[in-house]
Amino acid sequence: LEHLVARTVNRTDASKFIYILNQIDTAAKDDNTEEIVAAWQRAIAQAGLSAGKFFTIYDETAAVPIEDISLRERFRTKRDHDLDQIIQRMDGVELQRNYRIVSMLETVASELENDTLPKLRDARARWRRLVLLGDAFVGAAILAVGVALCQYFGWSLPSTMQTTNWIKANPIDAAVAALAGVILILALHYWIRGLVAKRVAAGLSNSYGQLDLKLRQAFLKNTGLFQSIFRAEPTGWGKRAAKNLRQIRETVAGHIQNLNDRYADPSGKTPDQLPVNATQPRSKARNNG
């Protein structure tokens with residue numbers, strides 16, 4: 001069970017699995033089929049997987065002899081019914097996969113545009129607001145410290161004329177001082193950006209939505225070194241990306257319509273409401289009589 005179930009439980013299509021007890025004839029003597037199935041269901045549930053359907057079959061040529069005629073007939077009827085259900089499930093795999101793929105595409109497009117992107121925009125807006133507040137706070141703190149030092153030591157600020165004359169007289173020193181100031185300002189700014197980004201990212205899920213999208217990773221990519229805080233949209237999102245998603249939706253709608261035209265029942269039932277053998281193409285159904 002650990003080998004068969006432990007990894008299966010994490011699959012997105014775990015509910016599509018079936019379980020086949022293929023030697024149920026060994027239970028004929030005690031006539032306890034229901035108890036055996038229930039025991040397996042409990043065991044699999046304890047291993048973490050509760051979805052899926054059980055089928056009981058056996059090979060009549062190698063089966064344990066069942067002396068009681070009525071019991072033998074009941075086991076045979078149940079086996080034939082379950083075999084038919086298994087074959088129907090196998091025949092319907094391709095159709096169900098087609099619907100699942102197009103449905104997944106629609107889910108991805110909708111979840112990206114209507115759920116993930118708004119979350120990402122909100123996170124970026126919060127990050128931008130906190131960075132600007134942090135820059136303003138640090139700038140105000142530096143200015144306050146400078147004014148306090150001037151007052152403490154009795155320094156007077158140079159006039160504009162004095163500053164201009166000093167720059168003309170010492171161009172290299174002025175350039176070095178200006179460059180050092182710019183580097184200091186940028187260093188403080190990017191330090192604040194990184195600090196705020198980590199704080200905002202901590203509140204985001206790394207596996208978000210039905211498809212486990214990497215929301216936190218996407219946000220951190222949007223706060224990288226070369227990402228402007230004033231960018232309106234997340235990185236990679238624009239008119240072209242929106243157009244691509246719109247085309248995906250249109251393509252998915254066309255595929256679903258084609259599948260419905262091929263497999264839908266005249267009564268109007270969708271394929272998931274029909275027995276699997278009723279969802280085969282009409283031409284194939286006619287060929288099978």
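Helices here are DSSP runs of H or I with at least four residues, strands are DSSP runs of E with at least two, and both are numbered from the N terminus. The model is predicted, so local features need pLDDT of at least 70 and side-chain atom pairs count only at pLDDT 80 or more, while totals for chains, interfaces and linings use all residues. Residues are numbered from 1 along each chain as its sequence is written, and side-chain values use heavy atoms, with hydrogens and water left out.

Figure 1. Along the sequence, the elements follow the pattern α-β-α-β-α-α-α-α-α-α-α. Of the 289 residues, 26% are buried (under 20% relative accessible area; exposed is over 50%, and partly exposed is in between, with a 1.4 Å probe and protein chains only). The protein exposes about 20000 Å², and carbon and sulfur atoms supply 58% of this area. Accessible areas come from the Shrake-Rupley method with a 1.4 Å probe, and for residues only the protein chains shown count as cover. A contact means heavy atoms within 4.5 Å. Among contacts between residues at least 6 apart in sequence, 70% join residues at least 24 apart.

**Figure 2. Confidence in the model is given by pLDDT, the predictor's confidence in each residue, from 0 to 100.** The average pLDDT of the protein is 79, and 82% of the residues score at least 70. Over residues 272-289 the pLDDT is below 50, and this stretch has 24 contacts in the model beyond near neighbours in sequence.

**Figure 3. Arg193 is found in helix H6, which covers residues 171-201.** Arg193 is buried yet has no salt bridge. A salt bridge is a side-chain nitrogen of Lys or Arg within 4 Å of a carboxyl oxygen of Asp or Glu. The nearest side chain of opposite charge is that of Asp135, 8.0 Å away. For charge, Lys and Arg count as positive and Asp and Glu as negative, while His and the chain ends are not counted. Leaving out residues up to four places away in sequence, Arg193 touches Trp127, Val131, Thr223, Gly224, Leu225, Gln227 and Ile229.

**Figure 4. His189 is also a residue of helix H6.** His189 counts as buried because its relative accessible area is 16%. Its contacts are Val131, Asp135 and Ile229, not counting residues up to four places away in sequence. His189 and Ala136 are 53 residues apart along the chain, and their C-alpha atoms are separated by 10.0 Å.

**Figure 5. Phe219 sits in helix H7, residues 215-221.** The relative accessible area of Phe219 is 0%, so this residue is buried. Beyond residues up to four places away in sequence, Phe219 touches Leu120, Ala123, Arg124, Trp127, Ala197, Val200, Ala201 and Leu204. One of these contacts, Ala197, is 22 residues from Phe219 in sequence and 8.3 Å from it in space, C-alpha to C-alpha.

**Figure 6. Val182, Leu186, Tyr190, Leu225 and Phe226 make a nonpolar surface patch of about 540 Å².** Patches consist of residues with over 30% relative accessible area and no salt bridge; like charges are joined within 9 Å, and nonpolar side chains (Val, Leu, Ile, Met, Phe, Trp, Tyr) within 5 Å. Val182 belongs to helix H6 and is partly exposed, at 44% relative accessibility.

**Figure 7. Helix H3 (residues 69-91) holds Glu73 and Arg76, three residues apart, about one turn of the helix.** Side chains of opposite charge can pair when their charged atoms come close. Glu73 and Arg76 form a salt bridge of 3.7 Å, N to O. Both are partly exposed: Glu73 has a relative accessible area of 41%, and Arg76 has 25%. A network of salt bridges links Glu60, Glu73, Arg76, Arg79 and Asp80.

**Figure 8. Lys78 and Asp82 form a salt bridge, with the closest N and O atoms 2.6 Å apart.** The two residues are four apart in helix H3, so about one helical turn separates them. Lys78 is partly exposed at 41% relative accessibility, whereas Asp82 is buried at 2%.

**Figure 9. Glu106 and Arg249 form a salt bridge, with the closest N and O atoms 3.9 Å apart.** Glu106 lies in helix H4 (residues 93-153) and Arg249 in helix H8 (residues 239-263), so this pair ties together parts that are 143 residues apart in sequence. Glu106 is partly exposed, with 27% relative accessibility, and Arg249 is partly exposed, with 23%. The structure holds nine salt bridges.
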